Amino acid sequence: MRIAVVNNFFPPRVGGSSHLSAALAQEYAKRGHQVTVLTAAYRGAPAHEVVDGVDIHRLPAFVMPKMGLSIDFDITFTSGPRNLRRVFRLLDRFKPDVIHQHGQFLDLSWLTGQYARKRNVPVLLSIHTRLESPRAFYANAFRAIDRVFLRRMLRRYDPRYVIMDEHAATYCTARYDSGDHHYEYIPVAVDPARFEAPPSRDIRAELGLGDRPLIVSVGHVIPLRDRKLLMDALPAVLAKYPDTKLVVVGTVYYDAFLERARELGIEDAVICVGAVPKDDVPAYFAAADIEVHDLSGGGCGTASLEAMAAGRATVVAVSATNFPGIDLVNWENAVLVSHRDSDELAAALIRLLDDPAERAAIAARQQALVHEHFTLDRVTEQHLEVFARMTGGQPSAGGRSGAPSLAAPSNDPAREDPAREEPADVSR
């Protein structure tokens, strides 16, 4: 099967969807499928390279300026007639059986959606991020973008949606008028093997933390993951465990939590280390007693699942039904709190610090949950099963029956010369 993976975010850029799209692309290739990746240029990475059997093309891009939005970090955009021609040229040469897009509001999805519509190629679209903001003005603006622009854009090429949790299903139904018949329920994937080797660094020694209680919080700090609830919970934890440290791992794009820490007089307990390489993340988990960052009520993301895979007690502000078909049981295989109650969060953190045996037992059950439902192998197989249904074939390597080879001639002149029928420029 020929699979085109599309994501503006791709390594060396760090982030959940970047890591997942790269991991899935590599797994597709390992299973014998032909894989090409279309992504945006990023910080000097090669315009073209082959990594682990995956053909990667990075298109010229510009960075969105910071404007204080809830997605205010280094988003790269590629829209423009030249890149649209590049998309058609690259994909016509590759001749994909299916396109796997990551991110509905990223413009490479729009460009490849135009290609899919013109060439009648099925599309699977993974919804990683919802366009939402805690600020009313931006929330209304995002809702309008979704309903007026993105809904119309998505209707043009009619993708199926990868729904990773119940929030994504509710969101897509409300914003894009989609329904259960459009959805494939596949959770986010993690690779537990990343956390089985001894850590590459001794974070406690490097930061001079010794054996004091350590809470680690992994992920970029933006308004939708602002850590303010954690700041409000921390004084109660420090009252009982005054040596506790909180290490925030990720770029701080929104620093309201630091101002809150200063107001509460707990700024000395907070250490911000900034963004770290992907390979260093396991070392931070290994150093932690507890991991907590998904506190907005917006879902349980990759970093939380990776912390569970690493065998660390992980606190999340989600419901027991967050993952359709997967049971979360509070204080059994999950530690669930309200995203509105800092006292509940504080009590959960103190309970975990009070009883190392219970903390270890919960961490072990969380680890088992990840191995059962969230491994990269399992999630890859689920994606390939969906691709097989979408293309009317089987998830076997080498392309579906009757698919043209990379060098095969075509009877469609537009496939051979994309400039002959030039599609519209979505940036206009």
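Where does proline 12 lie? In this predicted model, proline 12 is placed in the loop between β1 (2–6) and α1.

## Backbone geometry

Proline 12 is joined to proline 11 by a cis peptide bond, with omega at about 15°. Most peptide bonds are trans, and most residues other than glycine have a negative phi.

Arginine 43 has a positive phi, near 45°. This arginine is found in the loop between β2 (34–40) and β3 (48–51). Arginine 43 counts as exposed because its relative accessibility is 70%, and the cut-off for exposed is over 50%. Arginine 227 also has a positive phi, near 70°, and belongs to the loop between β11 (214–218) and α7 (228–240). Is arginine 227 buried or exposed? Its relative accessible area is 3%, so arginine 227 is buried; the cut-off for buried is under 20%.

## Aromatic pairs

The count of aromatic pairs comes to 10. One of them is formed by phenylalanine 88 and tyrosine 115. Their ring centres are 5.1 Å apart and their planes stand at 75°, which means that the pair is edge-to-face; the cut-off for this class is over 60 degrees. Phenylalanine 88 lies in helix α2 (residues 81–94), whereas tyrosine 115 lies in helix α3 (residues 107–119). The pair therefore ties together parts that are 27 residues apart in sequence. Phenylalanine 88 is buried, at 2% relative accessibility, and tyrosine 115 is buried, at 0%.

Tyrosine 161 and tyrosine 183 form an edge-to-face pair, with 6.0 Å from centre to centre and 85° between the planes. Tyrosine 161 is in strand β9 (residues 160–163) and tyrosine 183 in strand β10 (residues 183–185), so this pair links distant parts of the chain, 22 residues apart. Tyrosine 161 counts as buried at 4% relative accessibility, and tyrosine 183 counts as buried at 6%. Both tyrosines belong to a cluster linked by ring pairs, made up of Tyr161, Tyr171, Tyr176, Tyr183 and Tyr185.

## Charges over rings

Which ring lies under the charged end of arginine 13? The charged end of arginine 13 sits over the ring of phenylalanine 9, at 3.9 Å from the ring centre.

A further case involves arginine 351 and tryptophan 331. Here the charged end of arginine 351 sits over the tryptophan ring, 3.8 Å from its centre.

## Cysteines

How many disulfides does the count come to? The count comes to 0 disulfides. As for accessibility, cysteine 172 is buried, at 0% relative accessibility. Cysteine 272 has a relative accessible area of 36% and is partly exposed.

## The second largest pocket

Rolling a probe the size of a water molecule over the atoms shows where empty space is left. The second largest pocket has a volume of about 380 Å³. Its lining has 22 residues, of which His19, Ala23, Gln26, Arg194 and Lys278 are the closest to its centre. Two or more residues of the lining come from each of α1 (16–30) and α10 (302–309).

Which element gives the largest share of this lining? Helix α1 does, with 8 residues. By class, the lining of the second largest pocket is made up of 9 nonpolar, 4 polar and 9 charged residues.

## The cavity

A search of the whole structure for cavities of 30 Å³ or more finds 1. The largest cavity holds about 40 Å³ of space.

Which residues line the largest cavity? The lining consists of Cys300, Leu305, Met308, Val316, Phe323, Leu328, Asn333, Ala334, Leu369 and Phe374. By class, 9 of the lining residues of the largest cavity are nonpolar and 1 is polar, with no charged residues.

Terms used: Residues are numbered from 1 along each chain as its sequence is written. This is a predicted model: local features need pLDDT of at least 70, side-chain atom pairs count only at pLDDT 80 or more; totals for chains, interfaces and linings use all residues. Side-chain values use heavy atoms; hydrogens and water are left out. A disulfide is a pair of cysteine sulfur atoms within 2.5 Å. Buried means under 20% relative accessible area, exposed over 50%, partly exposed in between (1.4 Å probe, protein chains only). Rings of Phe, Tyr and Trp (its six-membered ring) pair if their centres lie within 6.5 Å; planes under 30 degrees apart count as stacked, over 60 as edge-to-face and the rest as tilted. Helices (H or I, at least four residues) and strands (E, at least two) are DSSP runs, numbered from the N terminus. A charge sits over a ring if NZ of Lys or CZ of Arg is within 6 Å of the ring centre and within 35 degrees of the ring normal. On a 1 Å grid over the protein atoms alone, a cavity is a set of points where a 1.4 Å probe fits but cannot get out, and a pocket is an open set with protein on both sides within 12 Å along at least five of seven lines; lining residues have an atom within 4 Å of a point. Grid points are joined across faces, edges and corners, and a volume is the space filled by probe spheres set on the points. Ala, Val, Leu, Ile, Met, Phe, Trp, Tyr, Cys and Pro count as nonpolar, Asp, Glu, Lys and Arg as charged, and the others, Gly among them, as polar.
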